[in-house]
Amino acid sequence: MTRDVAVLGAGMHPWGKWGRPFVEYGTTAARAALADAGVAWGDVGSVVGADTVRGGYPGYVAGATFARALGWQGARVTSVYAACASGAQAIAAARAQILAGLADVVLVVGADAAPKGFFRPAGGDRPDDPDWLRFRLLGATNPTYFGLYARRRMAVHGDTPEDFALVKVKNAAMGALNPFARYRKRVTAEEVAASAVVADPLRLLDICATSDGGAALVLSSLDFARRHGAAHPVRIRAVSTVTPRFPSTVLDLPDIATDPALAVRPSDESFRASIARVAYEEAGLGPEDLSVAEVYDLSTALELQWYEDLGLCGEGEGAKLLREGATAPGGRTPVNTSGGLASFGEAVPAQAIAQVCELTLQLRGAAGDRQIAGARVGISANQGLFGHGSAVVVVR
Amino acid sequence: MPHSRTPAVAGWFTGENDDFRLLGTRCPSCTAVFFPREDTHCRNPHCEGASLEEVPLSRTGRIWSYTDSRYRPPSPYVSDRELPWEPYALIAVELQAERIVVLGQAAPGVTVADLTVGMEVEVVPGVLHEDAETTWTTWHWRPTEVRA
């Protein structure tokens, strides 16, 4: 029995800094996805929203907010929050409902209106919240962690700031071709090197911005897709939403310290690698099967880390893989054909959904100037604050 | 008028000068040491331990990685917005005995140019910020080589 679900429609609101309410971005994306699917809103049996925390603590309960904006029609509602992994968890919830027979057609929506500057925790004194504590005690912003990872790669693997800059050059070239990207200009390595240091060794153009944006998917059972006239839709074959295993020995956001590796021997496999492995196992596929991948390049150096965690190359070989051109268009496994977070900036609850929108376009052969010829299998990967793994495998 | 000195977070460190130590908790069943402290239950999934006991952490460790903050962090970090921003370094330090990595600010005056991965550092008392009544204290990491 197949465990696939169909991607009937994908829609996005362009990323940017528009100064409008997030509901508007999400509703625009939802309407675009419904139009793309050829499905009427009234025929949607369930709506799953990826929550935003930017609109107030503990955040808008997004599923109902979008359902209300589209016009109440009684659909089942689910709202999820998992930081950067919220979008993937929304997809996972929708898929589970379809596979369980609870809904035939599910609308998944995520959107955000991002603040200017660094992300920060919600207000108030919360000394039991690790996310609040890292800001209060250390002033440790998200780029602090990106800087730590980048320096660690330089020390352990011999990566250089020039390697990191080449990730930006590659992704900006694709973003320039994507009408939904916020930054649509090519960038040179010299421009990266001339940008201000934010968190040594990373510079402004190594680090993704925070953006407004919205993304939506219409998912359905394969039976519904067939009845609807979509004989060969793009299908979601696996969704990995795993947590780390004790002891987790990488200093992950928002932690101030790692688990102790004294009492229990740490796994040889990193948390990020386990996210991908579980997705591959569920899909019955491996890294050699991939046509394209969308990874969470919160920083340029993190994209190189994902190459290794996805199994595109061995540990420490990410920079070499990049320099060989294997992850650029025309290479073995083009990565971030959308332009990545480098070109979008992060709109937290929308971003993991936008990754799947790009994979859908690629597998349909509808990605325009960004099209990778003959794309058949794609994976998206990301990691949400507090230990939320996420990866989605799509096939056609 | 002298300020009172108050830890910016309760129960995470203790002592003055050479006796300054980070405080964690140790599971009596499996020996795992936690920082920040876990007081009620051990987080080792293979362990049923409870009643963790407070232990001082190693005073020195080796740099796992480091970076700096070239721009003013947002609230709840406290800084004087009247003054120009002074960047500071942040160091993640691996403690050998406990096998944990602990992040902290570097001692004032230490910059990323002074640091390398693997370098030995020690924990020292530091000041996070001061207001009218209180000096809020914290921990800092400092390379042992710079020690006077």
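The C-alpha centres of domain 1 and domain 2 of chain A lie 23 Å apart. In the domain assignment, whose bounds come from an automatic or database source, domain 1 of chain A covers 5–117 + 213–235 and domain 2 covers 130–206 + 236–395. This is a predicted model, in which local features need pLDDT of at least 70 and side-chain atom pairs count only at pLDDT 80 or more, while totals for chains, interfaces and linings use all residues. Residues are numbered from 1 along each chain as its sequence is written, and chains are lettered from A and ligands numbered from 1 in the order in which they are written.

The contact between the domains takes 36 residues from domain 1 of chain A and 36 residues from domain 2 of chain A; two residues are in contact if their C-beta atoms, placed from the backbone, lie within 7 Å. On the side of domain 1 of chain A that touches domain 2, the largest share, eight residues, comes from helix 3 of chain A. Helices (H or I, at least four residues) and strands (E, at least two) are DSSP runs, numbered from the N terminus.

Within chain A, the axes of helix 5 (residues 142–157) and helix 10 (residues 300–309) come within 9 Å and cross at roughly 60°. Axes are lines fitted to C-alpha atoms, for helices over the stretch in contact, and angles run from 0 to 180 degrees between N-to-C directions. Helix 5 and helix 10 of chain A are therefore oblique to each other, since angles under 35 degrees count as roughly parallel, over 145 as roughly antiparallel, 65 to 115 as roughly perpendicular and the rest as oblique. Helix 5 of chain A contributes A:Phe146, A:Tyr149, A:Ala150 and A:Arg153 to the contact, and helix 10 of chain A contributes A:Ala301, A:Leu302, A:Leu304 and A:Gln305.
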